[in-house]
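Visitor: I'm new to reading protein models. Could you walk me through this one, a feature at a time?

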Amino acid sequence: MLVGFGAERLGADMNRLLALLFHQGVLDEQFLQLQQLEDETSPNFVSEVVSIFFHESEKLLTSLRSLLMMVEGDHDQDHEGGLEYGKIGVHLNQFMGSSSSIGAKRVRNVCLAFRAASDHHNRHGCLRALEQLEHEYCYLKNKLHEFFQLEQQKVLAAGVRYPMNHYNNNININS
Amino acid sequence: MAQQGGSSSSGGSRILSGGSINVSPMKPLASLKVLVVDDEPMIRTIHKAQLVRAGINDVEVAANGKDAVDLHVNGATFDLILMDLHMPIMDGCQATKKLRAMGVKSSIVGVTSSGGAEKTAFLASGLDDCVSKPFVLQQIAHYLKVPRSPTNPPKYHNP
């Protein structure tokens, strides 16, 4: 009983979770584009790409925080401050590109606001944006982990389906 | 906007001196060679998967502009180059200028999240086109499927 319904229930849970993330604006259709690139030859494509995204994003977040700590005060106009804001801009461009590429819409939007603050050398604005970015990133990471866990459980549940159904059909234990 | 007449050193134009147009025959997708140039492993993975899914089997990747240039110095040729802008060692602008100066005639399409003056400068470096990251295949279909002909020349954006 669990096996046949398990995979279906898990699939429904996955769809509900995705629908929620789309409704919240956390993900956009680019995530669906990624899913369409999955096939028999690369069944874990999305989870592999997202893993790379997580790995790279955490490096970027660490770098962004370090750079902001090196900037002193708002509208830092000295040469070193300008350099740090320049590096922040480069990191944010990278973060925007990668988040757009997996459909992480809210993360990308916060990066946009962060970049605007950085362009104006607004340290307080950058700090606020960084906190928001870390918050959005953590939420996205938790939800996508949940999604991929459901996917793994669904694969396991579907994997033992045939032998159980064959057994059930033969001895008719269903009541 | 395509340039008409005379010769041009810009990579975006395929006009030879005397006004004739260099027509490249359409190749089947499976025989196209594409180079993806981006410093982010994830982006390279996604772009390569998109191209393979479209039927292009020969997709090479490079992590920066210098690696892309070195491939060409070593004799590699490509039908299409997808070029990121911001990369370490050599960025997309420098790489595109270098490739055009070397006489590379491949279609080079910029793929970038940047806009405004940065994008304009990128286009002016010798790109045939520039699309936003992430791109959808339809945006570059022109460079994969449509033959270069007098009625449908490749685009080249003047600054």
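Visitor: What kind of peptide bond joins Lys133(B) and Pro134(B)?

Guide: The general idea is that most peptide bonds are trans, and most residues other than glycine have a negative phi. Here the bond between Lys133(B) and Pro134(B) is cis, with omega about 0°.

Visitor: And what is the phi of His121(A)?

Guide: His121(A) isn't a glycine, yet its phi is positive, about 55°. You'll find His121(A) in the loop between α5 and α6 of chain A.

Visitor: Before going on, what should I know about the numbering and the model?

Guide: Residues count from 1 along each chain as its sequence is written, while chains are lettered from A and ligands numbered from 1 in the order in which they are written. This is a predicted model, where local features need pLDDT of at least 70, side-chain atom pairs count only at pLDDT 80 or more, and totals for chains, interfaces and linings use all residues; side-chain values use heavy atoms, leaving out hydrogens and water.

Visitor: How do I read the confidence?

Guide: pLDDT is the predictor's confidence in each residue, from 0 to 100. Chain A averages 86, with 82% of its residues scoring at least 70. Within chain A, helix α5 (residues 105-119) has the highest mean, 96, and helix α7 (residues 161-171) the lowest, 49. Chain B has a mean of 79, and 75% of its residues reach 70 or more. Over residues 1-23 of chain B the pLDDT is below 50. For the model overall, the scores are ipTM 0.76 and pTM 0.77.

Visitor: How far apart are the end C-alpha atoms of helix α6 of chain A?

Guide: First, the expected span of a helix is 1.5 Å times one less than its number of residues. Helix α6 (residues 123-159) of chain A has 37 residues, so it should span 54 Å; its end C-alpha atoms are 53 Å apart, which agrees.

Visitor: Now, how do I spot a salt bridge?

Guide: Side chains of opposite charge can pair when their charged atoms come close. The rule asks for a side-chain nitrogen of Lys or Arg within 4 Å of a carboxyl oxygen of Asp or Glu. Over all chains, that gives 13 salt bridges. One of them joins Asp13(A) and Arg16(A), whose closest N and O atoms are 2.5 Å apart. These two are three residues apart in helix α1 (residues 2-23) of chain A, so about one helical turn separates them.

Visitor: How many salt bridges cross the interface of chain A and chain B?

Guide: One. It pairs the side chains of Asp39(A) and Arg53(B), at 3.4 Å from N to O.

Technical notes
Helix = DSSP H or I, 4+ residues; strand = E, 2+ residues; numbered from the N terminus. Contact = heavy atoms within 4.5 Å.
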